[in-house]
Amino acid sequence: GITLRVRYRPPYDWESMLSFLEKRVIPGVELIERDKNNQNGCYRRTVELDGAVGTVAVKNLPQHNSVSVTIHFPVVHALPAIVARVRRLFDLGADIETIDEHLSNDPRLAPWVALRPGLRAPGGWDGFELAVRAILGQQVSVSAARELAGQLVALHGRRLPKNPGTYPGLTHVFPTAKHLAKAKSIGLGMPAARMKALQALSRAASHDPNLF
């Protein structure tokens, strides 16, 4: 693997970001790892790009105003694309000082900004994955949507091969639009309308790779 350091503008409310992601981790695809004091959390997930698979781990380095990104991936030229997804997911490019200063001009928002400095907007790892999550999450709780996503991955996700970069708990990659579009049955027991929406989304994304 290779480890990179990606900078951000402080402050960064890492715990809020990690807590948001932790409630929504897809079993088999993502996990949050914490130390014995429930601190210093690390986000891990599987990655698939152009048929190649691997893993990524992201930790906060507050002393360096950076995150540490450890990537295990067989295709070197895919590293910039993976780093770009990490930046988007963790909102690393935000000019947080300017944002907080602007929001603090509102007397109703100012106390909240002061209470939670460095609060970021969580992004998505992949546009198709984010759209599928939105469909699975319709009219159900966050935990129920997470369970449905886990079932989808178990049924249709590609199993991660065992290699030195494999981490316990990371077993599958999120299913591709092409695979779901060809599936005769998705098999989640969801209402028919949501199942049709998921199939239509998969077909559209498989026909147009630039849709997301």
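Thr46 stands opposite Thr55 in β4, in a predicted model where local features need pLDDT of at least 70, side-chain atom pairs count only at pLDDT 80 or more, and totals for chains, interfaces and linings use all residues. Residues are numbered from 1 along each chain as its sequence is written, and side-chain values use heavy atoms, with hydrogens and water left out. Strands are DSSP runs of E with at least two residues, and helices are runs of H or I with at least four, numbered from the N terminus.

Strand β3 (residues 42-49) and strand β4 (residues 52-61) run antiparallel, joined by eight bridges; two strands pair if DSSP finds at least two bridges between them. In their hairpin, which has two residues between the strands, Asp50 takes a positive phi near 50 degrees. Strand β2 (residues 30-33) also pairs with β3 in the antiparallel sense, over four bridges, and Leu31 has Arg44 as its bridge partner in β3. Seven of the eight residues of β3 are buried, that is, under 20% relative accessible area with a 1.4 Å probe and protein chains only.

β3 also gives the most to the lining of the largest pocket, with five residues. A pocket is an open set of points on a 1 Å grid over the protein atoms alone, with protein on both sides within 12 Å along at least five of seven lines, and lining residues have an atom within 4 Å of a point. Of the 26 lining residues, Glu48, Arg85, Asp126, Phe128 and Thr176 lie nearest the centre of the largest pocket. Other elements that each supply at least two residues of this lining include α5 and α7.

Technical notes: Buried < 20%, exposed > 50% of the residue type's maximum accessible area, 1.4 Å probe, protein only. 1 Å grid on protein atoms, 1.4 Å probe; cavity = no way out; pocket = protein on both sides within 12 Å on 5 of 7 lines; lining within 4 Å.
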